[in-house]
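I opened my notebook to go through this structure step by step. Here is what I looked up, entry by entry.

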Amino acid sequence: MKYNERIREIREDNSLTQQKVADLLHIGQRTYADYESGKTRIPVDNLLILAKFYNVSMDYITGASNIKTEYPKE
C-alpha cells in the first residue's frame, strides 16, 4: 500500500475529516487532499506528526509494513 492510500485509510478509520487533519498539520484542506490523492508528496515532518497522532509506526504509515505497531515511546 502506498503512503497516500494509508494516510487516507487511517484518517477514515478514525472518523476524521481532511480539514481536521489539515488543521493538525497547520496546512490547508486542499493541500492535505493533494497528499491523499498523491498529487503532492507529504513532507517527512508531517508524516512524523501523523504517525505520532495516530500512534502507529513510520513503517506502517508509509506503507513499508502492513503490521500496525505503535509509535515508539520516547
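**Entry 1: the loop between α4 and α5**

I began with Asn55, which lies in the loop between α4 and α5. I kept in mind that this is a predicted model. I looked up phi of Asn55 and found a positive value near 55°, in a residue other than glycine. Most residues other than glycine have a negative phi. Is Asn55 buried, exposed or partly exposed? Its relative accessible area is 31%, so I noted Asn55 as partly exposed.

Ser57 lies in the loop between α4 and α5 too. I checked its accessibility: at 10%, Ser57 counts as buried. The cut-off for buried is under 20%. What does Ser57 touch, leaving aside its neighbours within four places in sequence? I found Ala51, Thr69, Glu70 and Tyr71 in contact with Ser57. I also found a polar atom of the Ser57 side chain 3.1 Å from the backbone nitrogen of Tyr60.

**Entry 2: other positive phi values**

I moved on to His26, in the loop between α2 and α3. Phi of His26 is positive as well, near 60°. At 73% relative accessibility, I put His26 down as exposed. Ser15, which follows α1, has a positive phi near 55°.

**Entry 3: aromatic rings**

How many aromatic pairs does a search of the whole structure find? I got 2. One is Tyr32 with Tyr35, edge-to-face, at 6.2 Å centre to centre and 75° between the planes. I traced both residues to helix α3, residues 29–37. They sit 3 residues apart there, about one turn of the helix. An α-helix has 3.6 residues a turn, so residues three or four places apart point the same way. I checked burial next: Tyr32 is buried, and Tyr35 is buried too.

Then I looked at Phe53 and Tyr54. Their rings also form an edge-to-face pair, with 5.1 Å between centres and 65° between planes. Which of the two is buried, and which partly exposed? Phe53, at 44% relative accessibility, counts as partly exposed. Tyr54, at 10%, counts as buried.

I noted one more ring. Arg6 lies over the face of Tyr60, 4.0 Å from the ring centre.

**Entry 4: the buried side of α1**

Which residues of α1 are buried? I listed Asn4, Arg6, Ile7, Ile10 and Arg11. They cover an arc of only 160° around the axis, so they are on the same side of α1. I then looked for what covers these buried residues, and the cover includes α2, α3, α4 and α5.

Leaving aside its neighbours within four places in sequence, Ile7 is in contact with Tyr32, Tyr35, Glu36, Ile42, Leu47, Leu50 and Ile61.

**Entry 5: the largest nonpolar core**

I finished with the largest nonpolar core, which has 16 residues. Which of them touch the most other members? I found Ile7, Tyr32, Leu50, Tyr54 and Ile61. The elements giving two or more residues to this core are α1 (3–13), α2 (18–25), α3, α4 (44–54) and α5 (58–62). I saw that α4 gives the most, with 4 residues.

Tyr32, from the pair with Tyr35, is among the members with the most contacts to others. Tyr54, from the pair with Phe53, is also among them.

Terms used. Residues are numbered from 1 along each chain as its sequence is written. This is a predicted model: local features need pLDDT of at least 70, side-chain atom pairs count only at pLDDT 80 or more; totals for chains, interfaces and linings use all residues. Side-chain values use heavy atoms; hydrogens and water are left out. Rings of Phe, Tyr and Trp (its six-membered ring) pair if their centres lie within 6.5 Å; planes under 30 degrees apart count as stacked, over 60 as edge-to-face and the rest as tilted. Buried means under 20% relative accessible area, exposed over 50%, partly exposed in between (1.4 Å probe, protein chains only). A charge sits over a ring if NZ of Lys or CZ of Arg is within 6 Å of the ring centre and within 35 degrees of the ring normal. A nonpolar core is a set of buried Ala, Val, Leu, Ile, Met, Phe, Trp, Tyr and Cys residues joined through side-chain atoms within 4.5 Å. Contact means heavy atoms within 4.5 Å. The arc is that of the directions from the helix axis to the C-beta atoms. A polar contact is a pair of N or O atoms within 3.5 Å; within protein, one must be able to donate a hydrogen and the other to accept it, and residues adjacent in sequence count only if both atoms are side-chain atoms.
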